Amino acid sequence: MDMERVLVTGGGGFLGSHLVDRLIAEGHEVLCVDNFFTGSRRNIDHLLGHPRFELLRHDVTFPLYVEVDRIYNLACPASPIHYQRDPVQTTKTSVLGAINMLGLAKRLHVPILQASTSEVYGDPEVHPQDESYWGRVNPVGTRACYDEGKRAAETLFFDYRRQHGLDIKVIRIFNTYGPRMDANDGRVVSNFIVQALKGEPITIYGDGSQTRSFCYVDDLIDGMVRLMGTKPGFTGPVNVGNPVEFTIAELAEATVRLTGSQSSIEYRPLPADDPRQRKPDIGIARDGLGWTPHVPLEQGLEKTIAYFRGVLEAQRPLDRAA
Ligand SMILES: NC(=O)c1ccc[n+]([C@@H]2O[C@H](COP(=O)([O-])OP(=O)(O)OC[C@H]3O[C@@H](n4cnc5c(N)ncnc54)[C@H](O)[C@@H]3O)[C@@H](O)[C@H]2O)c1
């Protein structure tokens with residue numbers, strides 16, 4: 001593959017930093033744009049000083065004028081704790097961020113990929129969800145800033161294609177986990193692992209029978225890169241996620257077992273608008289991208305647990321000094 005100059009917005013975040021690693025490993029030049037609202041310099045520390053890596057602190061709600069060959073638009077807080085902290089900013093990031101990045105792609109005539117989400121399906125009535133399902137989202141609930149923001153962003157992407165002929169790609173990401181998730185963002189995998197490693201009770205919201213499918217980050221990034229590599233006209237939306245379902249209770253048990261923790265399991269009330277079931281139909285990803293996930297949950301959990309062990313150990317001397 002020829003070397004390209006690739007813009008990754010949200011490149012300091014969990015998924016963005018793994019994407020940047022992959023693109024650098026493939027020999028590309030990467031311009032990472034992030035305002036560090038939720039991301040962390042730690043995620044990209046190892047790349048600072050790399051001759052093909054550049055970091056720009058910038059908020060995508062403002063226009064950006066740079067020269068690149070491809071754009072991956074990932075900037076957006078992704079966990080409910082973070083996106084509900086400043087819901088107006090969340091909608092602005094999704095909508096104005098999409099407008100600004102699409103404007104840039106239009107000026108440069110380059111392909112642009114949008115990191116959308118399974119949340120566009122809301123609390124679905126069909127199971128598993130395929131891309132033809134229009135979703136069931138509460139437009140006035142506390143999750144709407146994220147769900148509706150992402151839905152509006154998808155609309156903008158498809159309108160830019162219809163109106164301006166842009167080469168767009170839309171990936172609908174299902175729950176993804178792995179190293180560099182934020183320990184404090186309330187996402188279920190990181191929550192459980194950190195609680196287990198600290199020997200604290202594991203908190204399950206609801207009765208634990210709600211199911212989720214968990215995709216390991218390397219699989220997800222592979223799907224994203226494959227989608228970007230498709231011919232113009234292959235727009236998606238494409239579901240990328242792991243269709244193997246686990247209940248939240250099963251995830252808690254696996255985490256306790258793999259960490260060797262003594263943690264107990266505690267149950268709390270389910271938050272508003274929490275979807276009961278979410279599982280991707282990955283037919284389009286399989287047939288159109290030749291993509292299927294490869295990393296089984298246990299293997300991915302082990303790598304993620306090893307990462308969080310390192311994070312907690314690094315914090316320990318600081319805790320002692322405080
Ligand atoms: N992780 C998942 O399971 C998942 C699932 C569905 C969709 N997604 C989508 O993938 C993308 C990345 O998610 P993530 O899990 O890496 O989240 P993350 O919070 O770790 O990363 C998001 C990054 O965007 C940056 N950002 C936020 N607002 C910004 C702004 N206005 N300008 C510039 N940068 C900004 C943050 O600082 C952060 O580095 C998001 O768009 C998210 O909606 C993720």
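**Around the ligand**

I counted the shell first: 30 residues surround the ligand, and the closest are Asp34, Thr38, Tyr146, Lys150 and Arg187. A residue counts as near if one of its heavy atoms lies within 4 Å of the molecule. A note on the source: this is a predicted model, where local features need pLDDT of at least 70 and side-chain atom pairs pLDDT 80 or more, while totals for chains, interfaces and linings use all residues. Residues are numbered from 1 along each chain as its sequence is written, and side-chain values use heavy atoms, with hydrogens and water left out.

Next I looked up polar contacts (pairs of N or O atoms within 3.5 Å; within protein, one must be able to donate a hydrogen and the other to accept it, and residues adjacent in sequence count only if both atoms are side-chain atoms). Gly13 places a backbone N or O atom 3.0 Å from a ligand oxygen. Thr93 has a polar side-chain atom 3.1 Å from a ligand nitrogen. For Tyr146, a polar side-chain atom lies 2.5 Å from a ligand oxygen. Taken alone the ligand exposes 830 Å², of which the protein buries 97% (Shrake-Rupley, 1.4 Å probe; for residues, only the protein chains shown count as cover).

By class, I found 13 nonpolar, 13 polar and four charged residues in the shell. Here Ala, Val, Leu, Ile, Met, Phe, Trp, Tyr, Cys and Pro are nonpolar, Asp, Glu, Lys and Arg charged, and the others, Gly among them, polar. The largest share of the shell, three residues, comes from β5. Helices (H or I, at least four residues) and strands (E, at least two) are DSSP runs, numbered from the N terminus.

**Ring pairs**

I found five aromatic pairs in the structure. Rings of Phe, Tyr and Trp (its six-membered ring) pair if their centres lie within 6.5 Å; planes under 30 degrees apart are stacked, over 60 edge-to-face, the rest tilted. Tyr83 and Tyr146 are stacked, at 4.4 Å centre to centre and 5° between the planes. This pair links distant parts of the chain, with Tyr83 in helix α2 (residues 80-83) and Tyr146 in helix α4, 63 residues apart.

**Backbone details**

Which peptide bond ending at Pro128 did I note as cis? The one from His127, with omega near -5°; Pro128 sits in the loop between β5 and α4. The bond from Gly236 to Pro237 is also cis, with omega near 5°. I noted Phe36 too: its phi is positive, about 55°, although it is not a glycine.
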